[in-house]
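Please read each point with the structure in view.

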Amino acid sequence: MEQSIEYREQLLESYKQAVRPLLPYLPWLEQNAGKRASSIYSGQDIGVHSVSFPVYDGTLLNFVREAGKSPLMDRNYAYVYTRHRIRTHQDERNMIKKAGWQEWNILRGILSKYVLGGRTKGNLWSEAVSEQIFYLVIRQMQEIIEFWDKSPENGKI
């Protein structure tokens with residue numbers, strides 16, 4: 001019994017350390033839900049002479065950088081999608097909404113799809129902001145941590 005409590009506390013602490021750097025971005029992610037977080041660069045007649053490319057919001061790039069170097073990244077995120085039959089944004093939202101302690105890997109997989117996949121598919125980062133995927137995943141992770149955190153500084157014993 002004592003080992004399971006220690007294990008849970010260790011796991012919770014690792015979750016807190018992983019999510020903590022991403023929490024300051026929650027207000028920005030919530031505020032920009034439904035909006036595009038990128039635009040297409042069109043200066044100097046780029047469309048005529050070259051391929052156009054996206055320009056991302058600086059806050060989004062900082063969020064993606066922080067998330068990309070966190071232990072929350074799962075390079076095998078495609079497995080999470082096939083195993084749980086996640087195909088649409090609504091499927092993602094439903095999985096996020098009902099995720100708890102045991103579904104932490106599902107949340108990691110969804111976050112990873114957009115962070116890692118956005119490195120090769122330019123529209124995924126902006127799509128994750130406009131569809132609220134980034135916000136919902138980080139918020140759900142925060143709620144899981146708050147629910148299970150029984151430390152005195154959190155006001156729970």
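1. Contact between H7 and H9. In this predicted model, helix H7 contributes Trp104, Leu107, Arg108, Ile110, Leu111, Tyr114 and Val115 to its contact with helix H9. From the side of H9, the residues that meet them are Ile133, Phe134, Val137, Ile138, Gln140, Met141, Ile144 and Ile145. Sorted by class, this contact holds 13 nonpolar residues, one polar residue and one charged residue.

2. H7 spans residues 104–117 and H9 spans residues 133–148. Their axes come within 10 Å and cross at roughly 150 degrees. H7 and H9 are therefore roughly antiparallel to each other, as an angle over 145 degrees is counted in that way. The crossing of these two helices is left-handed.

3. The nonpolar core. In soluble globular proteins, nonpolar side chains tend to be buried together. Here the largest nonpolar core has 44 residues. Which residues have the most contacts inside it? They are Phe63, Leu72, Ile110, Leu111 and Phe134. The helices that each supply at least two residues of this core are H1 (2–19), H2 (26–31), H4 (58–68), H5 (77–83), H6 (89–98), H7, H8 (123–130) and H9.

4. Leu111 as an example. When neighbours within four places in sequence are left aside, Leu111 is in contact with Leu22, Phe63, Leu72, Met73, Phe134, Val137 and Ile138. Phe63, Leu72 and Phe134 are also named among the core residues with the most contacts. Phe134, Val137 and Ile138 belong to the H9 side of the contact described in the first point.

5. Contact between H4 and H8. The axes of H4 and H8 come within 11 Å, and they cross at roughly 100 degrees. The two helices are therefore roughly perpendicular to each other, since angles of 65 to 115 degrees are placed in that group. Leu60, Leu61 and Val64 in H4 meet Trp125, Ser126 and Val129 in H8. The residues of this contact divide into five nonpolar, one polar and no charged.

6. Burial of H8. Six of the eight residues of H8 are buried, so this helix is largely enclosed by the rest of the structure. The buried residues are Leu124, Trp125, Ser126, Glu127, Ala128 and Val129. Trp125, Ser126 and Val129 are the residues of H8 that take part in the contact with H4.

7. Two residues with positive phi. Most residues other than glycine have a negative phi. Gln132 is not a glycine, yet its phi is positive, at about 65 degrees. This residue comes just after H8, in the loop between H8 and H9. Gln132 is partly exposed, with a relative accessible area of 29%. Arg85 is also a residue other than glycine with a positive phi, near 55 degrees. Arg85 lies in the loop between H5 and H6. Is Arg85 buried or exposed? With a relative accessible area of 60%, Arg85 is exposed, because the cut-off for that class is over 50%.

8. Pro71 in its loop. Pro71 is found in the loop between H4 and H5. Its relative accessible area is 58%, and Pro71 is therefore counted as exposed. Not counting residues up to four places away in sequence, Pro71 touches Ala18 and Arg108. Pro71 and Tyr15 are 56 residues apart in sequence, while their C-alpha atoms are 8.9 Å apart in space.

9. Val55 in a strand. Val55 is placed in strand S2, which covers residues 54–56. Its relative accessibility is 36%, and Val55 therefore counts as partly exposed. The C-alpha atoms of Val55 and Gly122 are separated by 9.6 Å, although the two residues are 67 positions apart along the chain.

10. The chain as a whole. How many helices and strands does the protein chain have? There are nine helices and two strands, and along the sequence they follow the pattern α-α-β-α-β-α-α-α-α-α-α. Of the 157 residues in the protein chain, 41% are buried. Among the contacts with a separation of 6 or more, 70% are between residues 24 or more positions apart.

Technical notes. Residues are numbered from 1 along each chain as its sequence is written. This is a predicted model: local features need pLDDT of at least 70, side-chain atom pairs count only at pLDDT 80 or more; totals for chains, interfaces and linings use all residues. Side-chain values use heavy atoms; hydrogens and water are left out. Helices (H or I, at least four residues) and strands (E, at least two) are DSSP runs, numbered from the N terminus. Buried means under 20% relative accessible area, exposed over 50%, partly exposed in between (1.4 Å probe, protein chains only). Axes are lines fitted to C-alpha atoms, for helices over the stretch in contact, and angles run from 0 to 180 degrees between N-to-C directions. Angles under 35 degrees count as roughly parallel, over 145 as roughly antiparallel, 65 to 115 as roughly perpendicular and the rest as oblique. A crossing is left-handed if the near helix is turned anticlockwise from the far one by less than a right angle, and right-handed if clockwise. Contact means heavy atoms within 4.5 Å. Ala, Val, Leu, Ile, Met, Phe, Trp, Tyr, Cys and Pro count as nonpolar, Asp, Glu, Lys and Arg as charged, and the others, Gly among them, as polar. A nonpolar core is a set of buried Ala, Val, Leu, Ile, Met, Phe, Trp, Tyr and Cys residues joined through side-chain atoms within 4.5 Å.
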